[in-house]
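Here is a walk through one protein model, taken a piece at a time. Keep the structure open as you read.

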Amino acid sequence: MTPRTALSPELTLDILGIAPEDRTDCLSLLEGQAAPAVEIVLAHLTARLGSADDSNPELGTPEIPVTEMDWISAMLRFAPEVLAWHADRGIPADISHATVADLGRNMAINRRVHNRFGMDTYKWLNHVFSGRIYQLGRLQYLIHQPSAEIPGVGAGEWILGVHIPEGGGLGADAVNGSLALATGFFAEHFPEKPVRTANCESWLLDPYLSEHLDSASNIAQFAALFTPYGTPRDEPTDAVYFTFRTRSMEHLSELPRTTALQQVVLNRIDAGGAWQLGFGFLRLPR
Ligand SMILES: CC(C)(COP(=O)(O)OP(=O)(O)OC[C@H]1O[C@@H](n2cnc3c(N)ncnc32)[C@H](O)[C@@H]1OP(=O)(O)O)[C@@H](O)C(=O)NCCC(=O)NCCS
């Protein structure tokens with residue numbers, strides 16, 4: 001397929017928030033015709049944009065394997081389509097641009113984690129490229145139908161999944177300001193999917209974390225906004241990844257223990273404990 005190309009490559013990279021050190025690699029991925037593997041990803045992104053299908057299959061065939069670079073190339077090429085789709089829905093440009101800038105943020109994180117160009121979280125970016133997630137102030141909101149039971153949420157009901165990108169603290173003003181934006185935004189731009197409830201699935205909602213951090217900390221105050229549901233699930237690497245941006249669980253003794261969070265995360269593992277994913281919900285402000 002041929003995406004709309006009204007935007008120059010340079011402007012596209014600006015909107016996607018691509019950092020200076022990643023631009024040369026991105027520009028070379030945008031050069032020339034899309035390779036067959038990139039076409040496979042483009043076809044997937046085209047089918048998913050605006051679709052309720054959030055399945056995330058492995059792409060490619062033995063003859064045409066699809067790599068991380070093919071995903072990045074396809075997403076860069078497809079960005080003008082997503083921006084046009086947002087604009088068709090009347091989504092303001094500042095929200096549209098803040099939303100797609102998740103790509104540059106994830107690329108920059110990848111450089112910190114692996115010290116090279118790439119984006120090992122490319123599957124996460126499917127949410128952005130399918131038009132399901134929006135950055136409203138400090139937080140991101142994924143409009144979805146939950147697969148688990150949540151108190152007060154009916155079968156098939158749409159809810160907002162709250163996600164916390166890095167970039168600044170989680171102060172109450174920023175969080176409450178963002179939540180206040182969410183209801184109105186989705187009522188205006190997705191009236192066919194009314195939402196009353198938000199949920200959060202995160203290591204930040206592991207009950208152990210709030211019990212061991214200052215109750216006045218931003219993290220503990222954020223967690224307290226949510227009513228727990230379900231049973232926390234072992235997810236041993238999340239706390240290490242999000243605190244230290246390393247995928248390795250080896251050499252943990254070499255990591256810094258400067259902040260209260262760093263100490264809590266490592267002390268629990270030293271004591272033989274495992275970090276978990278906690279689940280919570282809240283009713284959205286009207
Ligand atoms: C979630 C997040 C925004 C909270 O930041 P915050 O508002 O500054 O957190 P708090 O003010 O509650 O911090 C409490 C303590 O933890 C420390 N801390 C918070 N985030 C930290 C981080 N990423 N790395 C190291 N220490 C951190 C603070 O310095 C403070 O310690 P101190 O009292 O010794 O100074 C931040 O941790 C972050 O960006 N995390 C990555 C994104 C993430 O985890 N998303 C959820 C994915 S499911």
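Helix 3 crosses helix 4 in a right-handed sense. Bear in mind that this is a predicted model. Helix 3 covers residues 36-48, and helix 4 covers residues 68-88. Their axes lie 8 Å apart and meet at an angle of about 55°. That angle makes helix 3 oblique to helix 4.

Now look at the residues in this contact. Helix 3 contributes Ala37, Val38, Val41, Leu42 and Leu45. Helix 4 answers with Asp70, Trp71, Ser73, Ala74, Arg77 and Phe78. By class, the residues of this contact of helix 3 with helix 4 are 8 nonpolar, 1 polar and 2 charged.

Next, turn to helix 2, residues 20-30, and its packing with helix 4. The axes of helix 2 and helix 4 come within 9 Å. They cross at roughly 80°. An angle from 65 to 115 degrees counts as roughly perpendicular, and helix 2 and helix 4 are therefore roughly perpendicular to each other.

Which residues of helix 2 meet helix 4? They are Cys26, Leu29 and Leu30. On the helix 4 side are Met69, Ile72, Ser73, Leu76 and Arg77. The contact of helix 2 with helix 4 has 6 nonpolar residues, 1 polar residue and 1 charged residue. Ser73 and Arg77 of helix 4 meet residues of helix 2, and Ser73 and Arg77 also meet residues of helix 3.

Step back to the domains. The protein is divided into domain 1, residues 1-131, and domain 2, residues 204-281. The C-alpha centres of domain 1 and domain 2 lie 30 Å apart.

Notes
Residues are numbered from 1 along each chain as its sequence is written. This is a predicted model: local features need pLDDT of at least 70, side-chain atom pairs count only at pLDDT 80 or more; totals for chains, interfaces and linings use all residues. Axes are lines fitted to C-alpha atoms, for helices over the stretch in contact, and angles run from 0 to 180 degrees between N-to-C directions. Helices (H or I, at least four residues) and strands (E, at least two) are DSSP runs, numbered from the N terminus. Angles under 35 degrees count as roughly parallel, over 145 as roughly antiparallel, 65 to 115 as roughly perpendicular and the rest as oblique. A crossing is left-handed if the near helix is turned anticlockwise from the far one by less than a right angle, and right-handed if clockwise. Two residues are in contact if their C-beta atoms, placed from the backbone, lie within 7 Å. Ala, Val, Leu, Ile, Met, Phe, Trp, Tyr, Cys and Pro count as nonpolar, Asp, Glu, Lys and Arg as charged, and the others, Gly among them, as polar. Domain bounds come from an automatic or database domain assignment.
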